[in-house]
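Please look over the sequence and the fold below before reading on. The paragraphs that follow go from a single side chain to a sheet and then to a helix.

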Amino acid sequence: MNQLTTRQTTVTLEDGSRHAALELLIDGESLIEAVRRYERPMAEAEGHPGLAAAYVWPVPPARQLAALRRGAADADDKRALLECACGEPGCWPLLATVTVGSAQVIWSGFEQPHRRADSAGGHWDYGGFGPFVFERAAYDAALRPAV
């Protein structure tokens, strides 16, 4: 099982505005850093290395918490775990399926919707990223201080 922890942080959007945010750590590593390591080869291969993990934590945190608890899904029933620094939801999100069961919570099916198989920008395959499986009580406890 994976371990989710959270910590309060601040996000600076492209317009210079600063917002309170919630950083997610999986097994002690920031989700953004884990994604950066995974996306870097794909971003470099297409000649845009700066796109690797070009994300911020969703703001406001209440929207992020809703996604982590199975709210705010897109048409494919995926949730934005990370978003674009422009602040516009849907611009450059990292999506995942969040399955909340009675004993476990699973994050799986990660994707960058602007790099799907039919994308003009090329396909980024997240088949080797995740799934992350959390014990439900520990997951809820990790999110509780953020409420």
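**A side chain, a sheet and a helix**

The side chain of Glu-23 makes a polar contact of 3.3 Å with the side chain of Ser-30, a polar contact being a pair of N or O atoms within 3.5 Å, of which, within protein, one must be able to donate a hydrogen and the other to accept it, while residues adjacent in sequence count only if both atoms are side-chain atoms. The model is a predicted one, in which local features need pLDDT of at least 70 and side-chain atom pairs count only at pLDDT 80 or more, whereas totals for chains, interfaces and linings use all residues. Residues are numbered from 1 along each chain as its sequence is written, and side-chain values use heavy atoms, with hydrogens and water left out.

Glu-23 belongs to strand β2 (residues 18-26), strands being DSSP runs of E of at least two residues and helices runs of H or I of at least four, numbered from the N terminus. A second polar contact, of 2.7 Å, joins the side chain of Glu-23 to that of Arg-7. Glu-23 is buried, at a relative accessible area of 11%, where buried means under 20%, exposed over 50% and partly exposed in between (1.4 Å probe, protein chains only).

Strand β2 takes part in an open sheet of three strands, ordered β1-β2-β3 with antiparallel pairing; β1 and β3 (29-30) stand at its edges with a single partner strand each, so one side of each has no neighbour in the sheet. Strands pair if DSSP finds at least two bridges between them, and β1 and β2 are joined by nine.

In helix α3 (residues 136-143), the buried residues are Tyr-139, Ala-142 and Leu-143.
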